[in-house]
Amino acid sequence: MTAKTYVHIDGMRMHAYHGVLEQERSVGNEYLINIKVGFPWIQATATDDVCDTLNYATLAEIVKEQMSIPSALLEHVAGRMVGRIRELFPQCTSIDLRITKVAPPMECDCDGAGVRLVMAED
């Protein structure tokens, strides 16, 4: 039997200044971020030590840090987040990241628009 474990944060909300339009970069928008990172679990179950897992508080700090850097494209923000996670936690096995702009400047009624980046081990 194969077991997989993930560390996840659902529904992180924050205000940030991403977008192609000048208004988006000056006024900002509300964002919703969901992230799930595959991480080896065996050691943490044996030791009960946070040093043997991916600390989700550290994961949240990475998200906040990268969301604070204005970018034209959410793809760029997502790429930076994934790069930083892989740098700090090279043993991660997958990353599923979704960034949603809650009120995108479009002429339609929707709950948001954004990007989803999914990386899995080959």
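**Entry 1. Terms and source**

I call a residue buried at under 20% relative accessible area, exposed at over 50%, and partly exposed in between (1.4 Å probe, protein chains only). The model is predicted: local features need pLDDT of at least 70 and side-chain atom pairs count only at pLDDT 80 or more, whereas totals for chains, interfaces and linings use all residues. Residues are numbered from 1 along each chain as its sequence is written, and side-chain values use heavy atoms, with hydrogens and water left out.

I looked up Ile42, and with 52% relative accessibility it counts as exposed. Ile42 lies in helix 2, which covers residues 42-47. Helices (H or I, at least four residues) and strands (E, at least two) are DSSP runs, numbered from the N terminus. I also took the separation of Ile42 from His8: the two residues are 34 residues apart along the chain, and their C-alpha atoms are separated by 17 Å.

I then turned to Asp48, which lies in the loop between helix 2 and helix 3 (56-67). Asp48 is not a glycine, yet its phi is positive, at about 60°. Its relative accessibility is 73%, so Asp48 counts as exposed.

**Entry 2. The chain as a whole**

I listed four helices and four strands in the chain. Their order from the N terminus is β-α-β-α-α-α-β-β. Along the principal axes, the C-alpha atoms fill a box of roughly 50 × 25 × 25 Å. Of the 122 residues in the chain, 35% are buried. I also checked contacts (heavy atoms within 4.5 Å). Among those in the chain with a separation of 6 or more, 58% come from residues 24 or more positions apart.

I traced an open sheet of four strands in the order 1-2-3-4, with antiparallel pairing. The edge strands are strand 1 (6-16) and strand 4, each of which pairs on one side only. Direction ignored, neighbouring strands are turned by 10° against each other on average. Angles run from 0 to 180 degrees between N-to-C directions, and axes are lines fitted to C-alpha atoms, for helices over the stretch in contact.

Two strands count as paired if DSSP finds at least two bridges between them. Strand 1 and strand 2 run antiparallel and are joined by nine bridges; Arg13 has Leu32 in strand 2 as its bridge partner. Strand 2 (residues 29-38) is joined to strand 3 by eight bridges, again antiparallel. There, Leu32 stands opposite Thr100 in strand 3. Strand 3 pairs with strand 4 (residues 113-120) over eight bridges in the antiparallel sense, and Arg98 has Arg116 in strand 4 as its bridge partner.

Why is strand 3 largely enclosed by the rest of the structure? I found that seven of the eight residues of strand 3 (residues 94-101) are buried.

**Entry 3. Helix 3**

I found helix 3 lying across strand 1, strand 2 and strand 3, at about 30° to strand 1. The end C-alpha atoms of helix 3 are 16 Å apart, which agrees with the 16 Å that its twelve residues should span at 1.5 Å a residue. The expected span is 1.5 Å times one less than the number of residues.

The buried residues of helix 3 are Leu59, Ala60, Ile62, Val63, Gln66 and Met67. Seen down the helix axis, these residues fall within an arc of 155°, so they line one face of helix 3. The arc is that of the directions from the helix axis to the C-beta atoms. The buried residues of helix 3 pack against strand 1, strand 2, helix 4 and strand 3.

**Entry 4. Helix 4**

Helix 4 has 15 residues and reaches 21 Å from its first C-alpha to its last, close to the 21 Å expected. Its buried residues are Leu74, Val77, Ala78, Arg80, Met81, Val82 and Ile85. They pack against strand 2, helix 3, strand 3 and strand 4.

**Entry 5. The nonpolar core**

I define a nonpolar core as a set of buried Ala, Val, Leu, Ile, Met, Phe, Trp, Tyr and Cys residues joined through side-chain atoms within 4.5 Å. Which members of the largest core touch the most other members? They are Ile33, Met67, Leu97 and Ile99, out of 28 residues. Strand 1, strand 2, helix 3, helix 4 and strand 3 each supply at least two residues, and helix 4 gives the most, with six.
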